[in-house]
Amino acid sequence: MSSTDLRTEIRDFLSSRRARITPEEAGLPAYGGNRRVTGLRREEVAMLAGVSVDYYIRMERGSLTGASDSVLDSLAGALKLADAERNHLFALAHQSHSTPTRRKRSTANTVRPVLQQVLDAVVDAPAWIRNGRHDILAMNPLARALYSPVLATPRRPANTTRFVYLEPEAAQEFFVDYDQITRDAAAMLRLEAGKSPHDKALIELVGELSTQSELFRKHWASQDVRFHRSGRKRLRHPIVGQLDLDFDFEAMELPSEPGLQLNIYTAAAGTPTADAIKMLASWAASQKLLPTEQKTADESR
């Protein structure tokens, strides 16, 4: 990301967060009359953050250089940033502080064999590993069976965000909550872009999606960012039908592999979803979905 792009990113993020907060939500008195801005005024944000108006204007124009953690904390509080948004603000500030030689941060596109062994040891739940670009790097047999619609296209590594935006018919059939999934996917990708703005493959992915999907352009322009840590998935599988209500996911960062995330889907014993997962396991065994069928990213490039 060039310095110009970074300034634009900071400007758009801060102005979008400011625009969504009303004076009442910020605890400021409502003066009535016609306000010429949506949300808070710059001087109101400055007051809430405890900085001068000139200083805040400089930040919103794209310069976070020199902003201390305490100033960023105050700004995050004034703008009522959620955890992911605060993380994104600090990542943008870090990029402002970094020199070109310190900015390089590559995103992993392979996994060590031992991690595939770990996945294969998980026999009762779909488990898979992805990088920050949402490339699927490794899966156990159940995950390959569960995500068979995502893996249907031959392009490797398979990418879940590319699937939801560029294969909309298949994605809408697979993801019950398709609209929310698309918003989350763009928001997670933007969060990654704040951490890895110089990742060439990520830049190319965002460019590809922006060129080919109007929906992605809309969601990308919202400046929303979001974590993907835990929750419930509702899927509609072509073999075992709909999986919902009690289908939980946990997403965990791998400390030994920065940038990689382990995802595991589970269902409580005795539930219809748990029974469906058993059916899916039987189908996977009949289809011989062995670990060797999922090529690593470097083998398929």
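Buried means under 20% relative accessible area and exposed means over 50%, with partly exposed in between, and at 25% relative accessibility aspartate 248 therefore counts as partly exposed. The structure described here is a predicted model. Its chain has 301 residues, of which 48% count as buried, and its secondary structure comes to 14 helices and seven strands. The points below take up the overall build of the chain, its nonpolar cores, its aromatic rings and its salt bridges.

**Overall build**

- The accessible surface of the chain comes to about 15000 Å², and 51% of that surface belongs to carbon and sulfur atoms.
- When contacts between residues at least 6 apart in sequence are considered, 60% of them join residues that are at least 24 apart.

**Nonpolar cores**

- The largest nonpolar core has 40 residues, and within it Tyr147, Val164 and Phe175 have the most contacts. Helix α10, which covers residues 178–195, gives the most to this core, with six residues.
- Apart from this core lies another one, of 30 residues, which includes Leu28, Ala46, Val71 and Val225.
- Leaving out residues up to four places away in sequence, tyrosine 147 touches Trp128, Ile136, Met139, Thr160, Phe174, Phe175, Leu235 and Tyr265.

**Aromatic rings and the charges over them**

- In the whole structure, a search finds 10 aromatic pairs. In one of them, the rings of phenylalanine 174 and phenylalanine 175 have their centres 4.9 Å apart and their planes at 65°, so this pair is edge-to-face; both phenylalanine 174 and phenylalanine 175 are buried.
- The rings of phenylalanine 216 and tryptophan 220, by contrast, have their centres 5.4 Å apart and their planes at 25°, so this pair is stacked.
- Arginine 190 lies over the face of tryptophan 220, at 4.0 Å from the ring centre. Likewise, the charged end of arginine 229 sits over the ring of phenylalanine 227, 3.7 Å from the centre of that ring.

**Salt bridges**

- Side chains of opposite charge can pair when their charged atoms come close. A search of the whole structure finds 18 salt bridges.
- One of these joins arginine 20 to glutamate 85, with the closest N and O atoms 2.7 Å apart. This pair links distant parts of the chain, since arginine 20 is in the loop between α1 (3–19) and α2 (42–49) while glutamate 85 is in helix α5 (residues 83–97), 65 residues apart.
- Leaving aside neighbours within four places in sequence, arginine 86 is in contact with Asp73, Ala76 and Leu81. The C-alpha atoms of arginine 86 and leucine 72, which are 14 residues apart along the chain, are separated by 8.4 Å.
- Arginine 232 forms a salt bridge with aspartate 248, and the closest N and O atoms of this pair are 2.6 Å apart. Arginine 232 lies in strand β3 (residues 230–232) and aspartate 248 in strand β6 (residues 247–253), so the pair ties together parts that are 16 residues apart in sequence.
- Within this last pair, arginine 232 counts as exposed, at 54% relative accessibility, while aspartate 248, at 25%, counts as partly exposed.

Notes. Residues are numbered from 1 along each chain as its sequence is written. This is a predicted model: local features need pLDDT of at least 70, side-chain atom pairs count only at pLDDT 80 or more; totals for chains, interfaces and linings use all residues. Side-chain values use heavy atoms; hydrogens and water are left out. A nonpolar core is a set of buried Ala, Val, Leu, Ile, Met, Phe, Trp, Tyr and Cys residues joined through side-chain atoms within 4.5 Å. Buried means under 20% relative accessible area, exposed over 50%, partly exposed in between (1.4 Å probe, protein chains only). Helices (H or I, at least four residues) and strands (E, at least two) are DSSP runs, numbered from the N terminus. Contact means heavy atoms within 4.5 Å. Rings of Phe, Tyr and Trp (its six-membered ring) pair if their centres lie within 6.5 Å; planes under 30 degrees apart count as stacked, over 60 as edge-to-face and the rest as tilted. A charge sits over a ring if NZ of Lys or CZ of Arg is within 6 Å of the ring centre and within 35 degrees of the ring normal. Accessible areas come from the Shrake-Rupley method with a 1.4 Å probe; for residues, only the protein chains shown count as cover. A salt bridge is a side-chain nitrogen of Lys or Arg within 4 Å of a carboxyl oxygen of Asp or Glu.
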